[in-house]
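Here is a short report on one protein model.

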Amino acid sequence: MGYIALPRRLFLWSMASIYMSAFVSLYMQIPGLYGNEGLLPARKQLRYSGDRSLWAQFQSSPTLLWLSPKLGLSTHTSVELLCLVGAALSLAATLLEPLRDSLVFFVLWLLYLSLYQVGQVFLYFQWDNLLLETGFLCVLVAPLCLVRGGARVERQHDRVTFWLLRWLLFRLMFASGVVKLTSRCPTWWGLTALTYHYETQCLPTSLAWFAHQLPVWWQKLSVVGTFVIEIPVPFLFFSPLRRLRLGAFYLQLLLQVLIILSGNYNFFNLLTLALCLSLLDDQHVNFWLRKPQTTNGSQPESKRWSWLCYLLEVAVWSGLIFGAVVCFDLQLDWAKKSVSSRTAFTFHQFNQMLKTVTIPCIWVGLLSLFWEMVSSMFRCACVEGFLKRFLSTLQWMVFGAAAVAMFSISLVPFTYLEPDSAGRLWPGVRQAHQAVDRLQLVNSYGLFRRMTGVGGRPEVVIEGSQDRVTWTEMDFMYKPGDASAPPPLVTPHQPRLDWQMWFAALGPHTQAPWFTGLMYRLLQGNSDVVELLQADASRYPFHAQPPAFVRAHLYKYWFTQPKDDGSYPERWWRRVYVEEFYPTVYLGDPFLENMLYQHGLKDKSPPRRPSNATVPRAVQWLRSQVKGQSAPALIWSLLAGSVAVCLCLTRTPPPRPARPGVPRQGGSTGTGQDATPGAATPPEEGGEKQAEEEEEEEDERADVPRKTDASGMRKRK
């Protein structure tokens, strides 16, 4: 693999941006979710005790919120403060490259882990786990800019730590494809999952309505494409052939972009795209930037090797296409102008295949890691100077050991896919994984395991009334409710209550204890909880006076169909009433009181009084400034501003340091551009040559490590 300085910088910038989006998105929802009067108050998750030491408390639940009493802060204030610090620090890292530092990413990871520990059901999503795992890998990938600089310099061990991102991407995509088949979901096996997916996913976009109208044969072919991209293609991540890795990158890019356009999955797809950057190298990024590339294709040996690589690549892609045709019985129907498809293998055959390839997958990853470590060790041995060589080798040993440790413990969740393979792991690996399990360093993944809502999308609709006769629906900002409202685009914001409302509709309300708390807070007219439904209070039907009665009904939703004449319908959804989801309740209702006590949602002791200290007042003032603001608009404003600032900084190169005794461009003497002493060149032409020579000198000295041949000697120009 070529140099990876540019992909690494892109990845670290992307992670800083994703962290910022995650922190800001969560901050906007904290009062309603985790406030003292929220749905699931965070203070109930921490039991402060003077008997245990701070270290013992941190071991039981690794969160910085244990420091709240020592700082004189309430848990609610501390949660908001952690979110604000994380958002500010990640925004600064997005704008300033020196802050994309290992220490900064460690702080960001620790802040998000602290919030995760008290997040409860609203923060227990796979993308939260993925952000924590990827965030910890950033600690290994990022340089120590704050200590010794060198953000743009590729270190000798960088390819080893950068490889961990590729391994994580492989585990994520391979598991996402495998679980769809191991779940025995009839829609995935029948290749009809996408005929339901667009309308039954949690938060569809407006484009999902149009995707839902595509013909069935195209939907089934899309499922085949999804299986190909998620199961066999990830093996190309470890290919020694560069163009195969690039092909795998663009296939993953295609899949993630299509998901972003058709569904609101917050920062999850952006995080996956950031991981895909581990498949690139400097040469391809420079191709994007339209920078000139140097090749040695004129040598006969190079031409023969290129032709051999082309033949191997054609064979690999042909094998993938042939395998897809055979496994899914793809046939062209010229009469109907379509492609027919069906699953041509059984569950037993797939399970046997999975047992066969799981352990070889581990060996492929191990050999790929071994190759990266050996090549990095070779680079360390070629460093000039004994002290530099010793320090480079020491860093290689430390980061290599960390990479091996992360790879080893990741095998435990990876082998969850195949239980027989999990039992063959060394017991020490399982013990090490159990020891760090609370830190969310490695996790198991598997999205869209089963397709829900085959008989219609279940949706809970909450209604309120003042007289128990006239009922008014309470629409949410993002989830389907009003049949005529278009599905919005809210990525990368995640409205966590809207997501949990989707899960709540899949079962009785007793499986979602927080729902009782929601009904209780709506009866109280709690403004923080109401803001989770509508940020603009004027759009909430009971903004003037809280409802005296509330209830919830279960409906089935479907996308509407185009009219017979081809025109679009007036409504996006059609719905049918199913049953009562939550009975009519009021404040003091015996059923409501019993449910509150049963789920531990009724406060027995009042929360601490707000402090008049400087920090709590500053946190409260900042909250008042963003109250009522749209979270997606705020996040996109910050992202757009960050991109604009970064582009301005990129297009404004820093001034070059002056060198004494060298004439400046234009004829002045004293200090100026680098030039060859005694060279008689015109000012304009000499200035261009001097700039080119200076850039080449800087590349050789900093950005680009020394090139070596097979014998380890420096190449001569």
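## Ground rules

Contact means heavy atoms within 4.5 Å. Axes are lines fitted to C-alpha atoms, for helices over the stretch in contact, and angles run from 0 to 180 degrees between N-to-C directions. Helices (H or I, at least four residues) and strands (E, at least two) are DSSP runs, numbered from the N terminus.

This is a predicted model, in which local features need pLDDT of at least 70, side-chain atom pairs count only at pLDDT 80 or more, and totals for chains, interfaces and linings use all residues. Residues are numbered from 1 along each chain as its sequence is written, and side-chain values use heavy atoms, with hydrogens and water left out.

## The sheet

Strands of a sheet pair through backbone hydrogen bonds, either parallel or antiparallel. Here the pairing is antiparallel, and four strands form an open sheet in the order E4-E3-E5-E6. Strand E4 (472-473) and strand E6 (573-585) each have a single partner strand, so they stand at the edges, with one side of each left without a neighbour in the sheet. Two strands count as paired if DSSP finds at least two bridges between them. Strand E3 (residues 457-465) and E4 are joined by two bridges. Glu463 has Glu473 in E4 as its bridge partner.

## Two helix pairs

Helix H9 (residues 158-182) packs on helix H19 (residues 386-414). Their axes are 9 Å apart, at an angle of about 10°. H9 and H19 are therefore roughly parallel. Angles under 35 degrees count as roughly parallel, over 145 as roughly antiparallel, 65 to 115 as roughly perpendicular and the rest as oblique. The H9 side of the contact includes Trp163, Trp167, Phe170 and Phe174. Among the H19 residues that they meet are Phe399, Met406, Phe407 and Phe414. The contact of H9 with H19 has 13 nonpolar residues, three polar and one charged. In this scheme Ala, Val, Leu, Ile, Met, Phe, Trp, Tyr, Cys and Pro count as nonpolar, Asp, Glu, Lys and Arg as charged, and the others, Gly among them, as polar.

H14 and H15 form another pair, with axes that come within 10 Å and cross at roughly 170°. That makes H14 roughly antiparallel to H15. H14 contributes residues including Phe249, Leu253 and Ile260, while H15 contributes Leu270, Leu273 and Cys276, among others. Seven nonpolar and four polar residues make up the contact of H14 with H15, with no charged ones.

## Pocket and cavities

On a 1 Å grid over the protein atoms alone, a cavity is a set of points where a 1.4 Å probe fits but cannot get out, and a pocket is an open set with protein on both sides within 12 Å along at least five of seven lines; lining residues have an atom within 4 Å of a point. Grid points are joined across faces, edges and corners, and a volume is the space filled by probe spheres set on the points. The second largest pocket has a volume of about 840 Å³. Its lining has 33 residues, with Ser222, Gly225, Thr226, Leu255 and Leu258 nearest the centre. H13 (216-230) gives the most to this lining, with nine residues. By class, the pocket lining has 26 nonpolar, five polar and two charged residues.

Seven cavities of 30 Å³ or more are counted. The largest cavity holds about 150 Å³ of space. Of its 15 lining residues, Met28, Gln29, Met477, His493 and Glu531 are the closest to its centre. H22 provides the largest share of that lining, three residues. The second largest cavity holds about 100 Å³. Glu230, Gln256, Ile259, Phe268 and Leu447 are the closest to its centre, among 13 lining residues. H9 gives the most to this lining, with four residues.

## Backbone exceptions

Most residues other than glycine have a negative phi, and most peptide bonds are trans. Thr491 and Pro492 are joined by a cis peptide bond, with omega about 10°. Pro492 sits in the loop between E4 and H22. Asn266 has a positive phi, near 45°. Asn266 is in the loop between H14 and H15.
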